[in-house]
Every structure is written in C-alpha cells, then in structure tokens.
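Reader: I would like to go through this structure term by term. Please set each value against its definition.

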Amino acid sequence: MQRLQASRRPDQRLVLLTAAVLIALLANLFWAPTSGASDEDLEPPVDVDIWADLDIRVGNMGKNCSGTTFAVVLENTASAPLDVVVSVDGADTAVRIDGFATKRVFTEATEDTSYSIVVTTPSGDVLFEETVFRNCIPDPVDPNVSVADSCAEGGAVVTITAEPSTEQTVNVIVNDTIFETVTVPAGETVTVLVPLAEDETATIAVTDAEGMTLADETITHDCVVAGPIITFDVSCDTGAVVRVQNPADVEQTVQIREGVDLLAIVAVPAGATLEQPLHLVEDQPTTLQVVLAGEVIAEDTLTLNCVSDEPTVVASLDCLSNQLIVQITNVTPNPITATIAVGNPMAGDPIVQDVDLDGRQTVTQTLVVDEGSTNVVSVSVGGEIVFQETITDDCSAPPEPAPILSASLTHDCTSSVATIALNNTGNADGVFTVNVNGTVTVIPVAAGLLQLHTFTVTEDASYQVSVSSADGTVLLTSSFVYNCVPDVVVKPKIELPRTGTNGVYTTVLSGLLLLCLGMIAVDVSRKETPII
C-alpha cells in the first residue's frame with residue numbers, strides 16, 4: 001500500500017508544474033505591456049477635430065416650403081455629445097447634440113426676407129456661416145404675349161395667354177397711350193386688334209398690372225403687295241419673251257394667256273425676275289396677256305419678223321422663146337404689189353409691169369426681149385428696189401466647152417480584178433478622182449474618151465468605191481464583198497438506232513443463255529460442296 005502511494009506522488013508534482021507554466025503563459029499574454037510601447041502612446045491625442053462629425057444645414061427656405069418657420073439642422077454623426085451656439089440675426093441659442101442625434105433650431109420667418117445664420121463652438125470658433133433668403137411663395141408667371149401685323153385683320157393683333165392657375169390683367173399701350181386694359185382668365189387666350197392704316201407705323205407695348213413690360217414692338221402695316229413688272233420682247237431664237245419682275249417680298253404667280261388659251265403659269269419668288277419664252281408664228285400678230293389674281297395687268301401684240309419681207313426673185317432667159325422669165329414669190333402673209341422693169345440702157349425707156357401678189361403667192365411673168373440685147377431687170381416693192389440683175393441675150397452664141405463625166409464599176413469571178421469605167425462624153429478634158437478603200441487616185445480623161453481603171457480584189461474582202469469630178473460632184477459610190485470561192489459544207493454523220501425484230505430476238509436469246517449458264521454453275525457448286 002505505501003509503495004503504491006509513493007508511485008503516485010511524482011504524477012501530482014507533474015500536474016502542478018504544468019498548471020504553473022500555463023498560468024505564467026496566460027499572465028504574460030494578457031497583463032504584459034506591448035513591446036516597445038510607452039504609457040504616453042496609450043493616451044488619446046489631444047488635437048482630434050471633434051467638430052468634423054457635425055453636419056449643419058438650413059431647411060424650409062425654398063419654393064413651396066411648409067409652415068412659417070425655417071430650421072437650422074444640426075446632425076451629430078459621432079458618439080460623443082457636442083455643444084454649439086446657433087445665432088440667427090444675432091439671437092443666440094445654446095444647443096447640445098447627443099451622439100448620433102439630430103437637433104433643429106426653429107425660427108419664425110417672414111416671406112422674402114434675408115437671415116444671417118452663424119453656428120459656433122462654446123469658445124467662439126465659427127463652424128457654419130450663411131445668409132439665407134426666405135422665398136416660399138412661387139413668383140407669378142408672366143402671361144405669354146405676342147404682337148404681329150395682320151393684313152387679314154387690318155392692323156396689329158395682340159395675343160395674350162394667361163398661365164393656367166392665375167387670372168391676369170394687362171394693359172395694351174399704343175404710342176405711349178393705353179389703348180385697352182384686358183383681364184385674361186386663367187389658362188385662356190384673348191386677342192386685341194389695333195387697327196392700322198396702310199403704311200401706318202405704331203409702337204405697341206403690353207404691360208402687367210405692376211407696369212412691367214411684357215412686350216414692346218414697332219409695327220408697320222404694309223399689306224399692299226407691289227405687283228410684278230412685265231416687259232415683252234421678241235427673239236428670233238425663241239419667239240416671244242415675257243419678262244416678269246417681282247419687287248414684292250412674297251412670291252407672286254402670274255398666268256400668260258392668248259385670248260382664252262393658257263400658255264404658261266409663272267411663279268416668281270420674292271425679289272426675283274424670270275423670263276418665259278413662247279412660240280410665235282412668223283409674221284403672224286399674237287396678242288399676249290399677263291394675268292394676276294384674275295386681273296389682266298399687262299398686254300401686248302407681238303409679231304415675229306425674222307424672215308426678210310422682201311420677195312424672192314429669179315430672172316432667167318429662155319432661148320427657145322427668146323423671152324425673159326421673171327418669177328416673184330411673196331414671202332409675207334400680206335398682199336403686195338411688185339413692179340418689174342426691163343430695159344436696155346441703150347434703147348430708151350424700160351418696159352414696166354405691175355404684178356399683184358397675195359400672201360405667200362408666187363407669180364411668173366414673161367417679157368419678150370431683142371436677140372443679142374443686154375437688159376437690166378429690176379423688181380421693186382413700195383418704191384424700193386428688191387432685185388436687180390443684168391441679163392444678156394446670148395442664145396445664138398455657141399456653148400462653152402465642158403466635160404461630161406460618168407463612171408461605172410464591174411467585177412466578176414473570172415478574174416481577181418475589178419474595173420471602173422471612166423467616160424468623158426463632153427467637149428473638154430475632165431478629171432476623175434477615184435477612191436478605193438481610202439486610196440485616192442486622180443485620173444485625167446480627155447474629151448470624148450473612155451478610160452478603164454482596175455484594181456486587184458481578194459477573196460472575202462470588202463471594198464468601198466467612190467468616183468467624183470474635179471468640182472466634187474459624186475459620179476459613183478459602191479460597196480461590195482468579193483466572194484467567188486464557194487464555201488465547203490461538212491455534213492454531220494448521223495447514226496440511227498437499230499430497229500426490227502432481229503435485235504429483239506438476239507437480246508432474248510442472250511438472256512436465256514446467261515440464265516442457263518447460271519443454273520449449271522449453281523448445280524456444280526452443290527455437288528462439289530461436302531456436307532458437314
């Protein structure tokens with residue numbers, strides 16, 4: 001028994017030792033000072049700004065605010081209480097704001113009044129300072145006013161529209177004198193007409209009941225629009241030209257008419273000028289009218305006279321009858337009288353004839369003259385000579401020698417040569433100009449002779465040939481393709497499918513033969529295959 005107790009004592013000492021170590025460790029953990037720290041480090045700083053946690057503002061000062069007071073709002077966002085002094089226009093109030101609390105200092109307020117607000121610490125340091133203005137009643141809204149000249153109403157029209165919630169009274173003042181006082185119900189519109197004469201100028205103002213100017217306009221009543229200025233002209237290039245100038249400050253539209261026929265509609269912008277061309281018939285008078293708003297404002301009769309009014313005259317000598325032939329054509333639509341005078345200056349007074357011609361008429365007159373005589377032929381209209389020519393009767397004189405030229409082209413397949421025959425049947429030498437595909441050859445041919453000109457041609461080639469005389473008269477034009485070798489046509493070989501019963505029989509027999517061979521092969525394979 002004693003031996004057993006002795007064996008347990010070392011265990012108790014071990015337990016006590018372990019407990020002592022644990023207690024020492026815990027004491028060191030909780031009660032030992034932090035390494036390197038001093039007592040001064042554990043004390044709070046003395047310069048901490050405790051007022052930074054105070055929020056200050058002023059409320060209930062703007063539009064539509066409620067009640068008759070405004071408030072200085074003090075909000076403490078820290079845990080420690082704060083003491084301040086609130087001064088409104090010099091009246092001080094001491095206020096304590098608990099931690100995380102909000103305090104309001106109310107002051108009776110008067111509308112449209114300024115207030116000086118100062119918030120300080122107990123020691124007098126200024127934390128907040130502001131001057132505020134109490135304005136809780138909305139200002140009245142001015143009515144909408146416009147002043148405009150109206151030609152339809154005959155003067156200036158003043159338009160007043162009141163705001164939706166308030167009846168409003170305004171004064172309409174014309175040239176510094178009250179013209180009319182108008183009360184406009186809330187949300188409604190009233191117009192006032194100020195009559196004005198044409199070109200009258202007036203200063204029109206609109207004021208509210210307190211005399212504040214809402215509108216001030218100077219109006220000139222200008223409603224008579226200056227009409228367009230019209231000019232007419234005639235051009236040989238275009239016919240009639242109607243020029244429309246618009247001096248007004250608005251667009252104007254006119255119609256151009258010929259009697260009841262509407263020829264054109266012209267819209268002329270403000271301050272612009274436009275030209276309208278119209279077709280005219282030569283020597284035919286045409287009356288044009290310019291119409292504005294159903295009223296004729298301009299009219300003129302125009303005649304296009306671009307072709308000479310002088311008649312055309314042709315005089316010639318007929319050697320068979322020994323007569324002088326005079327042909328006169330009246331180019332105008334109006335009748336004229338032409339005077340023909342034919343005379344030999346060496347034989348005395350001329351022969352005179354008067355010829356009456358209707359519009360567009362042609363008349364031929366014949367007059368007998370002496371053989372071999374020289375005569376002066378003249379035609380006059382209204383006393384003015386329009387034609388004069390000297391004609392000599394030289395019918396007995398032999399004609400001047402002259403070439404008479406002709407040309408022809410031949411080509412065939414007997415040779416590769418084309419031939420041009422150049423024939424001069426006149427009594428004077430002639431000159432031919434031959435052009436073959438751009439190659440030019442000049443060939444003289446004596447009087448009464450025929451000359452052949454040849455050129456080589458090639459199979460399937462094209463040729464352009466022309467022949468002309470020295471004065472440019474075209475005697476021959478031709479184009480051809482030389483094609484003398486027939487084209488070879490290769491006929492395609494066509495194979496037709498077999499037809500008839502022989503082909504059918506052959507196909508059937510071939511099928512039966514293949515069937516038999518197949519059956520024999522199957523039978524042989526069965527015999528050779530062992531059964532297992």
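Author: A disulfide joins Cys 413 to Cys 484, with the sulfur atoms 1.9 Å apart. This is a predicted model, in which local features need pLDDT of at least 70 and side-chain atom pairs count only at pLDDT 80 or more, while totals for chains, interfaces and linings use all residues. Residues are numbered from 1 along each chain as its sequence is written, and side-chain values use heavy atoms, with hydrogens and water left out.

Reader: Why is the link of Cys 413 and Cys 484 called a disulfide?

Author: A disulfide is a pair of cysteine sulfur atoms within 2.5 Å. The S to S distance for Cys 413 and Cys 484 is 1.9 Å, so the pair meets that definition. In general, a disulfide is a covalent bond between the sulfur atoms of two cysteines. With -85° about the S-S bond, the link of Cys 413 and Cys 484 is left-handed. The pair links distant parts of the chain, 71 residues apart: Cys 413 is in the loop between strand 29 (405–411) and strand 30 (417–424), and Cys 484 is in the loop between strand 35 (474–482) and helix 2 (501–528). Helices (H or I, at least four residues) and strands (E, at least two) are DSSP runs, numbered from the N terminus.

Reader: How many disulfides does a search of the whole structure find?

Author: The search finds 3. One of them is formed by Cys 151 and Cys 223, their sulfur atoms 2.0 Å apart. Cys 151 lies in the loop between strand 8 (144–150) and strand 9 (155–161) and Cys 223 in the loop between strand 14 (213–220) and strand 15, so the pair ties together parts that are 72 residues apart in sequence. Another disulfide joins Cys 236 to Cys 306, at 1.9 Å from S to S.

Reader: What makes the disulfide of Cys 236 and Cys 306 left-handed?

Author: The torsion about its S-S bond is about -100°, so the disulfide of Cys 236 and Cys 306 is left-handed. The torsion for Cys 151 and Cys 223 is about -95°, so that disulfide is left-handed as well.

Reader: Is Cys 236 buried or exposed?

Author: Buried means under 20% relative accessible area, exposed over 50%, and partly exposed in between (1.4 Å probe, protein chains only). Cys 236 has 56% relative accessibility and therefore counts as exposed. Cys 306, with 34%, is partly exposed. Cys 151 at 48% is partly exposed, and so is Cys 223 at 22%.

Reader: Which strands form the open sheet, and what is their pairing?

Author: The 3 strands stand in the order 15-16-19, and the pairing is antiparallel. Strand 15 (229–235) and strand 19 (273–278) stand at the edges, each with a single partner strand, so one side of each is left without a neighbour in the sheet.

Reader: How do you know that strand 15 and strand 16 pair?

Author: Two strands pair if DSSP finds at least two bridges between them. Strand 15 and strand 16 (residues 239–245) have 7 bridges, so they count as paired. In strand 16, Val 242 is the bridge partner of Phe 232.
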